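User: I have a structure open and would like to talk it through with you. Can we start with single residues and then move on to the helices?

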Amino acid sequence: IVPHETSGFRGEAEFSFRHLLLRDGAYESLPKQLRAQKHAAVVAWAADRAGERADEMAELVASHALAALRYREELGDTGPEHAAAAREVCRWARAAGDRSAAVWLQGESAGWYAEAIRAADLIEAPLAERVSLARAHLDVALGTMTVEESERIGRHLTDLAEQEGDRLAEGYGRARLVRVYFDLARNHEAAAMAEAAIDLLEPLGDSVELADALRTSGWLAWRTGDAVTAEQVLRR
């Protein structure tokens, strides 16, 4: 290994392997249990040193957290260390998804959110947290994933939100599904979903979610040839 000219962490010495084959050979020589421990140690060390740069480092830290979790799963570990690894994935994959979405890397963001959701399920995170993750996942999935995958993600959000009693999130998810069903040429389902979203959201008063549901409903009416209804809804 040789010193790296500039360190990614202020005040820390950084080194790199002289050749990638040396690096890969050293890594492959480690038992999986030790690899998992070292990836987890990197997560703890980076989280402690990142400070205000935590968001910038999210993808790097998340990749180590995910590697630690996968090795523990391959080893059949279901104990406290596996749960701790899943919690770190949930935390850092969410941060990585947020970071990727902020710079419009929607595909990468969707992948990170999917990992965060899987980890949240493993640790049985609170429903409210899983609803928030599912909503963020749906936002980046639309127009990035296939319509079939977007439907699955949207249904996941509405199911979780219904269990949690989060009518705003459920209405938002149903409004997002309108475009999915339209793209699948299932216009009757799209119209029913738009109506269901508005019915859920109207009793809650004015909100961004209600405005979005009305916009989506009006857009659907316009795309299906009902200009009169479209104008009425869109003016609302």
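User: Is Arg35 buried or exposed?

Analyst: This is a predicted model, and in it Arg35 counts as buried, with a relative accessibility of 8%.

User: And what does Glu28 form with Arg35?

Analyst: Glu28 forms a salt bridge with Arg35, in which the closest N and O atoms are 3.5 Å apart. Glu28 itself is exposed, at a relative accessible area of 52%, whereas Arg35 is buried. As a general point, side chains of opposite charge can pair when their charged atoms come close.

User: How many salt bridges does the structure hold?

Analyst: The structure holds 20 salt bridges. One of them joins the side chains of Glu81 and Arg72, with an N to O distance of 3.2 Å; Arg72 is buried at 4% relative accessible area, while Glu81 is partly exposed at 44%.

User: What about Glu149 and Arg152, which helix do they lie in?

Analyst: Both Glu149 and Arg152 lie in helix α7, where they are 3 residues apart, or about one turn of the helix. Their side chains meet in a salt bridge of 2.8 Å, N to O. Glu149 is partly exposed, with a relative accessible area of 25%, and Arg152 also counts as partly exposed, at 45%.

User: Switching to helices: what are the buried residues of α3?

Analyst: Among them are Val61, His64, Leu66, Leu69, Tyr71 and Arg72, together with several alanines, including Ala58 and Ala62. The Arg72 in that list is the residue whose side chain meets Glu81 in a salt bridge. The cover over the buried residues of α3 includes α1, α2 (32–50), α4 (80–102) and α5 (106–122).

User: How far does α3 reach, and what follows it?

Analyst: Helix α3 covers residues 58–74, which makes 17 residues, and from its first C-alpha to its last it reaches 24 Å, close to the 24 Å expected at 1.5 Å a residue. It is followed by Gly76, whose phi is positive, near 75°.

User: Where else is there a positive phi, in a residue that is not a glycine?

Analyst: Trp104 has a positive phi of about 65° although it is not a glycine, and Ala185 is another such case, with a phi near 60°. For context, most residues other than glycine have a negative phi. Trp104 lies in the loop between α4 and α5 and counts as exposed at 66% relative accessibility. Ala185 lies in the loop between α8 and α9, and it too counts as exposed, at 64%.

User: Since you mention α9, which of its residues are buried?

Analyst: The buried residues of α9 are Ala190, Met193, Ala194, Ala197, Ile198, Leu200 and Leu201. They cover an arc of only 160° around the axis, so they sit on the same side of α9. On the other side of α9, His188 and Glu195 are exposed.

User: What covers that buried side?

Analyst: The cover over the buried residues of α9 includes α7 (147–164), α8 (167–183) and α10 (208–223). From α10 one can pick out Glu209, which is buried with a relative accessible area of 11%. Leaving aside residues up to four places away in sequence, Glu209 touches Arg135, Leu168, Tyr172 and Leu201, and Leu201 is one of the buried residues of α9.

User: Last one, about the surface: which residues make the nonpolar patch?

Analyst: The nonpolar surface patch is made by Ile1, Phe15, Phe17 and Leu22, and its area is about 450 Å². Leu22 lies in helix α1, residues 20–28, and is exposed, with a relative accessible area of 51%.

Conventions:
Residues numbered from 1 in each chain as written. Predicted model: local features only at pLDDT ≥ 70, side-chain atom pairs only at ≥ 80, totals over all residues. Heavy atoms only, no water. Patch = residues over 30% accessible without salt bridge, like charges linked within 9 Å, V, L, I, M, F, W, Y side chains within 5 Å. Areas by Shrake-Rupley, 256 points an atom, 1.4 Å probe, with all protein chains shown as cover. Salt bridge = Lys/Arg side-chain N within 4 Å of Asp/Glu carboxyl O. Helix = DSSP H or I, 4+ residues; strand = E, 2+ residues; numbered from the N terminus. Buried < 20%, exposed > 50% of the residue type's maximum accessible area, 1.4 Å probe, protein only. Arc of directions from axis to C-beta. Contact = heavy atoms within 4.5 Å. Expected span 1.5 Å × (residues − 1).
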